[in-house]
Amino acid sequence: MKNTFLVVFTILSAQLFGQVGSININVFDEFSRKPLSAEAKIVGQDQIYPSASGNIVVSEISSGTYTFEISAPGYTRSFLNEINVVPNQNLTFSVGLIKEAAEIQEVTLVRKTYKTTAESPLSLRNITSEEVQKNAGSNRDVSKAILSFPGVGSTATFRNDLFIRGGSSAENKFYIDGIEVPVINHFQTQGASGGPRGIITVDFIKDVDFYSGAFPAARNGVLSSLFEFNLKQARKDKLGYKAVLGLDDMQLMADGPLSKDQSWSGLFSVRKSNLQLLFKAIGLPFLPSYYDATFKVSKKFESGDEFYVLGIGAKDSFKFNDEAEPTLNNLTLIDRLPVSPQWNYTVGAGYRHLAENGNWLFTWSRNMLDNRATKYYRNIETPENLLFDYKSQESENKLRVDRNFTLSDYQFSSGANINFANYYNNSIAKGVTQSAVNYDVVTSDLDLIQYGFYLQSARKFFDNRLQLSAGVRLDASNYSDKTQNPLEQFSPRLSLSYRFAERLVFNFNTGIYYQLPAYTALGFNLNDAFLNKNTLEYIKNSHLVAGLEYNGANNLRLTLEGYYKKYKNYPFSLRNQISLANVGGDFGIVGSEPLDSRGFGETYGIEFLAQKRTASDFYGIMAYTFGYSQFSDSAGSLLPSSWDSRHILTLTTGKYFGRNWNVGARFRLQSGLPETPYDLQRSALVNIWNIANGPVQNFALLNSARGNLSHQLDLRGEKKWIFKKWQLTAYVDVVNAYGSTSPSGLPVVNLQRDNQNNGIIANPEASPDQQYYLLETGTADRSTPLPYFGFIFEF
């Protein structure tokens, strides 16, 4: 047996060398999308790969990870970073180059390793698919990889609730190849954007543009962050396959040509969860499971025009783990969590037409979310124990047209969008708020139209030293008189970038941004009346950002940015007397209650980033954020918000070793988040506990306490075996390796129970409204380390 193993290992090792693949690189003008005559070279090598028609062919290249430098006369150089060449595969990538304004005589421009644009010269980070996959702790999930960048905070190790520069997770927007995708997480919190696991297939992503400010005018409804997912192109030689067998899920993918002339191509993926098996094995009290699927089919015309159709969808289910150890923490979670099945999809189509002066992009999409949640007191499913039965659907049909063109030395982008939406809700819910017990019967069927227009222009001056961009948006909705005038949502923005030294640039942006409140808030209907129709307005957010950027040798980038954001017209809970800016970081629904727009707030801080893309087989990111986030309370005073993490420090690093080993680590440290204490005396009342299923917060003391200092270490290692016609990768990813202290400083509270597992009433002889339970309190369990491992097969 031992000899057999040695023979097999020797054969595997012998296959590490000499296996080759090939790459096509389509190079075009970033603005007009027209093909360019260009050339490419592999960073660290001297060989030049030329092109005369916009397509560079790099053939017979040994398997491995490479970075390509792309250049064309009169254009700023760009890079294809971290490209993984797989044996016996022909990969296709597209690179857009930015035109230089004039011939540079006195200024030597540094090679553009890191992406910026005229409208977003700062607050823009770009991350490639390979960088996501090797990022420790991300487990191939983009939302978790983004945690390595400055200004990004999170609430728990197992969720994707991202709060950017002090804003809530409801303020983030997501686009895939120009089509908006409202739901990118399994078990998404309705009215916000978080969830425990991402849906998007990272293997189909070329790269992601992550904006934490300086948002382009083409995108509406963005307050805190914008994610632009750019999908890769399918391989051209033949259909290729990829399979992932992991502890948390199983996935099968295929991509390649769909016609003999290779003008049609496709990307396809299906995935099934194993997460319920992992959670059961490590003793967690809840067992989520899911399915998801992704596809993109595209047609490339000889004229350069392109037509594509894409789709993404998921189905989620949930049940409790009755075999979990009955610790105080586990019992509390089982008591409070609802059973919450969910499904969603987005399908869309786009057509890009290359005009004589620029290009047109027409897109249509439809998305739908079906969200349900059921909860019984102590999970005993009898009619009298029903606490809520929630059934809601959101659907949207969206049309967009975008046009890029030039006039003299000015570049213009313009366009319009319209959105036809329907929100349906048929639910019953009992709930405990600050001063009452509510019983809501919600019956909503709301049709809504939103529309907008934008114009943005950019120009370079002084031999490319100075770049200016100005833009404006107008948005409106027919929801009410408060939202139908587009001039009330006049959204100007201005950016500039000035290079005053060879490697040092000053960047600046200011703008005003608007977002319509969530459908859960707009469509809250009781007794055949939309209660919030005359009180809600567009949320207004004014940004001011400035910073310095230094681009050093060996792919080193240093940035220092300061930001200030001022909020107005934020939805405010009339029942709990708090701003909704403080909620959205947990399972459930945000906004389905009486609201008005009295809320206001501000966030401000500084961010530092030191980033080194792979050079000499080493890569690393250091990010630090110091900031404040404050929102108004019932008295109109500014208090720390639930996202007021004063300090966030992230250290991410990794290294490639010989024989195709790659190891990485990430350490995150985050100040304790503000928390609202429990009102234990009120919580203990039988008529309160039997509805709340747990302790209720005292919002009169909103965010007057702070959680624990949060820190965690994530580790990742992977090894590749390269064969003649396929490749095998084994990986292990450990999230929160040492099981850090729970980030929450609030006690775990539950009932003292008798032998029949019933709560013990301290004064059973008292009247029902005076009876109260004996409570048991304890500290939260340490955060559970989550180990993931698996194998990736590529053919």
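In strand S6, Phe 79 is the bridge partner of Glu 69, and this pair belongs to the antiparallel pairing of strand S5 (residues 64–71) with S6, which extends over 6 bridges. Strands and helices here are DSSP runs numbered from the N terminus, with at least two residues (E) for a strand and at least four (H or I) for a helix, and two strands pair if DSSP finds at least two bridges between them. The model is predicted, and local features need pLDDT of at least 70, side-chain atom pairs count only at pLDDT 80 or more, and totals for chains, interfaces and linings use all residues. Residues are numbered from 1 along each chain as its sequence is written, and side-chain values use heavy atoms, with hydrogens and water left out.

- Gly 64 stands opposite Val 85 in S6, and the hairpin formed by S5 and S6 has 6 residues between the strands, with Gly 74 in the turn showing a positive phi of about 80°.
- Strand S2 (residues 39–42) pairs with S5 in the antiparallel sense over 4 bridges, and Glu 39 stands opposite Ser 71 in S5.
- Because 7 of the 8 residues of S5 are buried, this strand is largely enclosed by the rest of the structure; buried means under 20% relative accessible area, exposed over 50%, and partly exposed in between (1.4 Å probe, protein chains only).

**Strands S21, S22 and S23**

- Strand S21 (residues 306–320) and strand S22 (residues 342–355) are paired in the antiparallel sense over 11 bridges, and Gly 313 stands opposite Tyr 345 in S22.
- S22 also runs antiparallel to strand S23 (residues 358–376), to which 14 bridges join it, and Val 347 stands opposite Arg 366 in S23.

**Helix H5**

- The buried residues of helix H5 (residues 328–336) include Leu 328, Asn 329, Asn 330, Thr 332, Ile 334 and Asp 335.
- These buried residues pack against S21, S23, strand S44 (748–751) and strand S45 (775–778), with contact meaning heavy atoms within 4.5 Å.

**Tyr 656**

- Tyr 656 lies in strand S38 (residues 647–657) and is buried, with a relative accessible area of 13%.
- Leaving aside neighbours within four places in sequence, the contacts of Tyr 656 are Thr 65, Glu 82, Glu 130, Lys 134, Thr 614, Asp 617, Tyr 619, Trp 661 and Asn 662.
- A distance of 9.7 Å separates the C-alpha atoms of Tyr 656 and Glu 718, which are 62 residues apart along the chain.

**A nonpolar surface patch**

- Leu 239, Tyr 241, Leu 258, Trp 264, Phe 268 and Phe 795 together form a nonpolar patch on the surface with about 540 Å² of accessible area, computed by the Shrake-Rupley method with a 1.4 Å probe, only the protein chains shown counting as cover for residues.
- Patches are made of residues with over 30% relative accessible area and no salt bridge, with like charges joined within 9 Å and nonpolar side chains (Val, Leu, Ile, Met, Phe, Trp, Tyr) within 5 Å; a salt bridge is a side-chain nitrogen of Lys or Arg within 4 Å of a carboxyl oxygen of Asp or Glu.
- Trp 264 lies in strand S19 (residues 264–273) and counts as partly exposed, at 32% relative accessibility.
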